[in-house]
Amino acid sequence: MLTLSTSVFSCSPRLEKDWRRTLDDRSTFDLALLDPATGVTPLAHPHADSWLDQFFEAYLRRRPVNATFIGDHRFDARLPGLSESAAGDTLAEMQRLLATTPASGTIDDPVRSTDVRLATGFLRTQIWEFESRHFHRGNPSLYTGEAVFGVASLLLTDFAPLPQRVDRVIDRLHEIPRFLAEGRANIREAPATWIERAIRECDGAHALLRTGLGYVGADVPKLADALSESADAADAAFAIHRDHLVASLPSASDIGVACGEEALSLYIREGHLLSESLEEILERARAELADASARLHEGAADLGASSPQEALHRLRNQHPSAAEYYGRYEEVWREMRRFAIDRDLLTWPNFPIRFRPRPDWAREAAPHLYFLFYRSPAAFDRPPVHDYLVTPIDESLDAERQDELLQATNDGVIKLNHVLHHGGIGHHVQNWHAFRSSSRVGRIAAVDCASRIAMFCGGTMAEGWACYATDLMKEAGALTPLEEYSEIESRVRMCSRAVVDILLHSGRLDLEGAAEFYQTEAGFPAASARAEAVKNSMFPGAALMYQVGTDDIHRLRRDLERRRGADFDLREFHDEFLSYGSVPVRLVCDSMRGRDAE
């Protein structure tokens with residue numbers, strides 16, 4: 001077993017760099033070493049450690065589906081408790097934790113101090129959520145999504161033998177009628193678009209329970225009957241719930257989707273740790289949107305196209321054949337990894353990933369659900385190889401449908417989205433570094449859960465880094481001219497999301513206006529524009545984290561390049577930056593600037 005004692009907030013960046021080089025070709029790493037229970041570092045601040053222990057224990061116990069995704073499997077048999085009594089207990093527990101937070105002046109260890117700060121920010125935003133009508137008392141999709149991914153989370157990775165996981169699936173299926181009934185009791189009214197999303201998720205659940213679990217049961221014949229019986233009962237509960245949602249839809253409107261400026265400011269301040277006002281963030285986002293839009297139109301002319309749409313359409317015809325399709329992901333992944341390593345851009349570890357078609361059990365259900373191609377590996381108890389689930393394209397499809405899917409998943413999409421942003425230098429590499437962070441929050445915050453990441457504070461790092469990393473590969477010469485142009489469109493959409501996030505939740509745009517903004521200002525197709533606006537409305541402050549995080553990283557790098565001059569080392573900068581884990585980018589920037597000034 002490899003032993004490790006390091007603090008990313010205090011160790012030498014050069015030593016950190018040398019340590020990471022020694023791990024560059026390791027395919028696995030004993031994550032138990034980073035489990036808080038094993039004590040990687042001495043318990044120098046017992047009050048802070050005890051408080052953090054209580055915080056994480058409460059977090060995982062109250063959020064059992066999140067715990068499964070994170071890799072803590074003590075609660076795999078359960079779904080959350082959101083009855084009036086259970087939600088009240090959760091709220092009271094969070095209020096007690098907040099009231100007993102260790103004073104910052106009593107903690108002189110930067111890592112613990114940061115974790116306490118982020119944990120208290122999480123508690124403040126969660127307390128608002130539990131006291132508001134925006135989440136468990138107003139969003140029916142929270143219940144349908146949590147219920148269906150409570151089951152799916154146990155099947156997505158091979159963290160245990162299948163029979164053991166199916167046992168837990170059966171337990172969670174038994175929980176579904178109770179959980180959905182709590183949703184009906186808690187939500188008296190909801191926005192129409194949120195109800196529509198919940199209805200689609202009921203349809204996805206039906207496909208999973210009626211068809212998908214049949215594939216799973218065939219692989220565990222001894223449990224097949226019990227699985228089928230419990231799936232039937234859960235399916236019946238979803239049918240009752242769907243009927244209730246359909247009946248409530250005609251009288252629903254989309255009034256009330258905004259969280260309000262006060263709540264949005266809370267997310268910005270306590271989650272992203274930003275000091276700017278909403279108006280300052282909005283002003284910058286609008287200016288960046290105007291700049292990116294101008295470059296998009298100018299670039300089309302440079303490519304000999306009459307419009308951005310014509311230029312971008314050319315990417316659709318650059319795609320693999322159906323026979324080459326699955327292999328293309330692996331081919332591009334290896335090419336991009338070698339490119340980054342050869343140019344010494346950062347530590348890109350041997351963190352195995354396997355591109356494979358979406359499994360049979362998920363294929364019918366996935367289109368109705370928040371079913372990601374790349375879902376973060378579990379921070380703890382992760383399998384040695386992580387599966388990236390790509391769109392299936394097989395010989396059973398007619399030629400026209402094959403061609404349609406291949407155009408949508410063309411070479412540019414495979415490189416820019418699936419490899420660089422998600423499965424390679426972006427999220428996947430950032431996750432590897434995060435899992436080794438000395439920050440307990442930083443290890444888990446950006447893990448993908450049922451409908452959002454585990455802790456809001458991980459957002460600017462997760463999405464900011466993934467967008468910055470694609471910029472980095474463009475800068476290094478890894479993209480074709482047309483792919484570089486496509487990234488300008490991505491910038492336009494990123495900036496438009498930041499604008500909509502603030503205008504929507506401050507009440508200056510309604511959902512219809514937000515969807516129209518996406519169409520006219522960012523070129524979204526109508527259906528995508530509406531879906532994006534609905535997602536923005538459900539999760540305040542989440543849409544702006546892409547631009548805020550990306551731009552902060554670029555500014556930090558420029559500042560340190562200027563300060564360090566010839567001593568600036570790009571790989572060292574990136575490895576040091578990533579070593580903080582999934583914590584707010586603004587926190588990392590302040591820390592690295594401060595250390596550089598010492």
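Tutor: Contact means heavy atoms within 4.5 Å. Helices (H or I, at least four residues) and strands (E, at least two) are DSSP runs, numbered from the N terminus. This is a predicted model, in which local features need pLDDT of at least 70, side-chain atom pairs count only at pLDDT 80 or more, and totals for chains, interfaces and linings use all residues. Residues are numbered from 1 along each chain as its sequence is written, and side-chain values use heavy atoms, with hydrogens and water left out.

Student: What is the mean pLDDT of the chain?

Tutor: The pLDDT is the predictor's confidence in each residue, from 0 to 100. In this chain 92% of the residues reach 70 or more, and the mean pLDDT is 92. Over residues 1-43, however, the pLDDT is below 50. The mean for the chain remains 92.

Student: At what angle do helix 11 and helix 20 pack?

Tutor: Axes are lines fitted to C-alpha atoms, for helices over the stretch in contact, and angles run from 0 to 180 degrees between N-to-C directions. The axes of helix 11 (residues 278-302) and helix 20 (residues 481-505) are 8 Å apart, and the angle is about 155°. Helix 11 is therefore roughly antiparallel to helix 20, a term for angles over 145 degrees. The packing angle is about 155°.

Student: Is the crossing of helix 20 and helix 21 left-handed or right-handed?

Tutor: A crossing is left-handed if the near helix is turned anticlockwise from the far one by less than a right angle, and right-handed if clockwise. Helix 20 and helix 21 (residues 511-522) pack at about 160°, with axes 10 Å apart. Their crossing is right-handed.

Student: Which residues of helix 10 meet helix 5?

Tutor: The axes of helix 5 (residues 110-131) and helix 10 (residues 261-271) come within 9 Å and cross at roughly 165°. This crossing is left-handed. From helix 5, the contact involves R117, G121, R124, T125, W128 and E129; from helix 10, it involves A263, L266, Y267, R269 and E270.

Terms used: Angles under 35 degrees count as roughly parallel, over 145 as roughly antiparallel, 65 to 115 as roughly perpendicular and the rest as oblique.
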